[in-house]
Amino acid sequence: MSRSAHPAGPRHADVLPEGHYSAPPADLNSLDPKVWSRTVTRDDLGVVTVGGIDVKTLAEEHGTPAYVLDEADFRDRARAWRTAFGTEADVFYAGKAFLSRAVVRWLHEEGLNLDVCSGGELATALSAGMPADRIAFHGNNKSSEEIERAVRAGVGRIVLDSFQEIVRVAHIAQSLGRRQRVQIRVTVGVEAHTHEFIATAHEDQKFGIPLAGGQAAEAVRRALRLDGLELIGIHSHIGSQIFDMSGFEVAAHRVVGLLKDIRDEHGVELPEIDLGGGLGIAYTSDDDPREPHEIAKALTEIVTRECESARLRTPRISVEPGRAIVGPTAFTLYEVGTVKPLDGLRTYVSVDGGMSDNIRTALYDAEYSVALVSRVSDAAPMLARVVGKHCESGDIVVKDAFLPSDLAPGDLIAVPATGAYCRSMASNYNHVLRPPVVAVREGEARVIVRRETEEDLLRLDVG
Ligand code: LLP
């Protein structure tokens, strides 16, 4: 059974097209720069290095599995987004993709803002010194406690997601003697071509207030009436892992239509429009993501054009990339435990992690790449499936991949592009301990999230 809502291509479906894996790559030792972080290379001995450190050293010092994050690449990508949008727009990094205090500090230093969607993310951001006015608070069911904490901290904006929340936030802000800056999240009716579970702007899902039936216009009416709120703009997020800009075009058209209606009805021109995140990255060599400057140019042109034709002042644009910044900057380093050839089918390669450190393959039929990284090999390619150590046959990390046929227990393999939604969605299934995140830069490795221990597990189990 496919859970895909759209025939969005093989990367989103659970059946690979005929012949998809008939041609192994010409060189199994090569590392496609599209899917590996920017400082990744092989040293003279054929061992993969990142940030100037080889993976054997990383495995010896930090163990496996481990998420290895290329700090220079992260900073470069964050800066590229910031520069691409310039001073006329704001970039909010979506913390749900991966958040830690080190990451918050890097973002702060690189001039980005931060989107959080829970009390836990807010606490992480504040404890690492992100100024509250550079934080946006999201979520479809923020608790009153979370809202109060955000208002007290002075977050730059709360993104309102329902009629109840409009009243709730207004009440809390007013009772604290504050006027909270807010945006209203609308659903524009765009069906982004991505997996159903990560598409968010069609109407039959839980986020936002539909433009359809005048509901968003009614939300605006109510928000404008409440003293505790300062309505600064409209927010739209159409989904994730999107390559095609046409969804953003339709979204911008419809959001600007709402801004025009608001101007006509209330005589108010809202100063901001947030187009959310969702820009895709390369998980395999088949994916062709756009560069931040192309995205910035396209989005700015779309909004400017739409506003000109509606005779509106162009609002300040903000965007919320998560995956596009952190996704490509990390790989997961695993040690091979067993290699099991199944005649006529494929070879199952079991690693020391699995669905607890990367649920995306099981959850979204996501495709990944994989490579032998502790050495090079001239052996013939074998069709492999990389699986984890969990008690579940759906525990697949990479569904179909070519690896050298001399692969053996003790080899290190790595899965690139696991920076986003892997550590942040990791679990303790089967009481497997969550891996550390090791940041590497200029020959130094630093643990920014430590490996979980059995003590950590037992501490929560109060007996
Ligand atoms: N802004 C809002 C309001 C969002 O809901 C999201 C993602 C983002 C920004 C960032 O989207 P990004 O640029 O990272 O695609 N777990 C799924 C993705 C869920 C995304 C949820 N919201 C996955 O692993 O693909």
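Guide: A residue is called buried under 20% relative accessible area, exposed over 50%, and partly exposed in between, with a 1.4 Å probe and protein chains only. This is a predicted model, in which local features need pLDDT of at least 70, side-chain atom pairs count only at pLDDT 80 or more, and totals for chains, interfaces and linings use all residues. Residues are numbered from 1 along each chain as its sequence is written, and side-chain values use heavy atoms, with hydrogens and water left out.

Visitor: How is Asp76 classed, buried or exposed or partly exposed?

Guide: Asp76 has a relative accessible area of 32% and is therefore partly exposed. Asp76 belongs to helix α2 (residues 71-85); helices (H or I, at least four residues) and strands (E, at least two) are DSSP runs, numbered from the N terminus. From C-alpha to C-alpha, Asp76 and Thr329 are 9.8 Å apart in space, although 253 residues separate them in sequence.

Visitor: Which strand pairs with β9, and in which sense?

Guide: Two strands pair if DSSP finds at least two bridges between them. Strand β8 (residues 157-160) pairs with β9 in the parallel sense over 3 bridges, and Ile158 has Val182 of β9 as its bridge partner. Strand β9 (residues 180-187) is mostly covered, with 7 of its 8 residues buried.

Visitor: What is the strand order in the open sheet of 3 strands?

Guide: The order is β1-β2-β3, and the pairing is antiparallel. The edge strands, β1 (41-42) and β3 (53-54), each pair on one side only. Between β1 and strand β2 (residues 48-50) there are 2 bridges; Arg42 has Val48 of β2 as its bridge partner.

Visitor: Which residues come nearest to the ligand?

Guide: A residue is near a molecule if one of its heavy atoms lies within 4 Å of it. Of the 19 residues around the ligand, the nearest are Glu320, Arg323, Arg360, Tyr364 and Tyr421.

Visitor: Why does the ligand lie between two domains?

Guide: Domain bounds come from an automatic or database domain assignment. The ligand lies between domain 1 (22-70 + 328-460) and domain 2 (138-321) because both give residues to the shell around it.
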